[in-house]
Amino acid sequence: MDKPEVSTVVYKVGECMQELIKLWKEFAESHENKNDETSSCGPTLEIRIPAEHVTATNRQVRGGQLWGTDIYTDDSDLVAVLMHTGYCRPTASPPPPAIHELRATIRVLPPQECYISTLRNNVRSRAWGAAIGCSYRVERCCIVKKGGGTIDLEPCLTHTSSVEPTLAPMAVERTMTTRAAASSASRQQRFVREVTIQYNLCNEPWIKYSISIVADKGLKKPLYTSARLKKGEVLYLETHSHRYELCFIGEKMVSASQVPETEKEKPQINNSRDQNGERCLMDRETTVVDVFRWSRCKKALPQKVMRSIGIPLPLEYLEVLQENLDWEDVQWSQTGVWIAGKEYALARVHFLSPN
């Protein structure tokens, strides 16, 4: 019977991952006479890292025990690698008490001819120009909470970042008190959160989802969410793992009998005439309604990148879930949104304009 592909070891500061080298040797021996593609991609290994070691004060991190970019030498420290790849932040502060450990899944790879040095996320890796031992790359990393449950982390592979990634971006909130709240001592005593900021899936500050953000503002129709979308703004919303796009895509003609009474203020009448000069009365039965699109972003991209690509995003960056939506098909709640009868529990929200 074959061994299970994934083995599990516990991270220890200052100790090389001997299990990694052992796995590679066993794999290389079993594929010694094979020339298929699998012979260049080894098994996976799960490393459990106690939370207290996930800090920039870790002596292996301070000592720069890190060689390579994306693919690292077998003696590169895993915590340093996770900071270099952006799974966690290089900070001296300990992780939140609720975090029990990190679990990283790494892929064992053959030795490389050279390892490149880069500066990422305020961590500089070193270069090495010889093929020795084996290599590895991180394929997955998640937080394990003390009370049970896990949170998947995403890498941040940019060379520079204006906002450093947090250890658990989807769990971090910051409260900002506005001048209006601070102007009154009685308001201060209420301890009301006026604006709550979260980090989005790209570790940029977004507003925590609240129905008040998407609710129409009184009788001012230009401040309706649907009106803002029609003017060109695009609404991006995130769950804890996915980003979605809601945008205006045009208008369509529908039968007046299908339109809610609230939208029948201005029926659209076609003033064209037939060949006998008589007005076509058939079109008295039709009207124009706005049409929206609901899509899942295939990848969460930074706002700067999104603007350079174009907003709304081109179709190759999206998985269109619902097209030709009437605005009545979009129903907001305190915890999320219902789109054509399906509920999406939301964590964050952000309006973006093309300019």
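Where is N121 found? N121 sits in the loop between β6 (119-120) and β7 (123-124), where helices (H or I, at least four residues) and strands (E, at least two) are DSSP runs, numbered from the N terminus. Everything here comes from a predicted model, in which local features need pLDDT of at least 70 and side-chain atom pairs count only at pLDDT 80 or more, while totals for chains, interfaces and linings use all residues. Residues are numbered from 1 along each chain as its sequence is written, and side-chain values use heavy atoms, with hydrogens and water left out.

Back to that loop. N121 is not a glycine, yet it has a positive phi of about 50 degrees. N122 lies in the loop between β6 and β7 as well, and although N122 is not a glycine either, its phi is positive too, at about 65 degrees. Their surroundings are another matter. N121 counts as buried, at 4% relative accessibility, whereas N122 is exposed, with a relative accessible area of 56%. Here buried means under 20% relative accessible area, exposed over 50%, and partly exposed in between (1.4 Å probe, protein chains only). The peptide bond from I311 to P312 is cis, with omega near -5 degrees.

Now for the inside. In soluble globular proteins, nonpolar side chains tend to be buried together. A nonpolar core is a set of buried Ala, Val, Leu, Ile, Met, Phe, Trp, Tyr and Cys residues joined through side-chain atoms within 4.5 Å. The largest one in this model has 35 residues, and I49, L78, L82, L102 and I106 are those with the most contacts inside it. Two or more residues each are given to this core by α1 (18-30), β2 (44-50), α3 (78-84), β5 (99-109) and β8 (135-145). The largest share, six residues, comes from α3. Take L82 as an example: leaving aside its neighbours within four places in sequence, L82 is in contact (heavy atoms within 4.5 Å) with I49, Y87, C88, L102, A104, V138 and C141. Apart from this core lies another, of 20 residues, including V214, L246, W327 and F351.

E101 lies in strand β5 and, at 5% relative accessibility, counts as buried. Its side chain is joined to that of R48 by a polar contact of 3.1 Å, and to that of R103 by one of 2.7 Å. A polar contact is a pair of N or O atoms within 3.5 Å; within protein, one must be able to donate a hydrogen and the other to accept it, and residues adjacent in sequence count only if both atoms are side-chain atoms. Not counting residues up to four places away in sequence, E101 touches R48, I49, P50, A51, C142, I143 and V144.

What about the cysteines? The structure holds zero disulfides, a disulfide being a pair of cysteine sulfur atoms within 2.5 Å. For C142, the nearest cysteine sulfur, that of C141, is 6.5 Å away. C142 is buried, with a relative accessible area of 3%. C156 also counts as buried, at 12% relative accessibility, and its sulfur is 7.8 Å from the closest cysteine sulfur, in C202, which is too far for a bond.

Strand β20 (residues 348-352) is mostly covered, with five of its five residues buried. R348, H350 and L352 point one way from β20, and V349 and F351 point the other way. Two strands pair if DSSP finds at least two bridges between them.

Finally, three strands form an open sheet in the order β17-β18-β19, with antiparallel pairing. β17 (330-332) and β19 (342-345) stand at the edges, each with a single partner strand, so one side of each is left without a neighbour in the sheet. Strand β18 (residues 336-339) pairs with β19 over four bridges, and W338 stands opposite E343 in β19.
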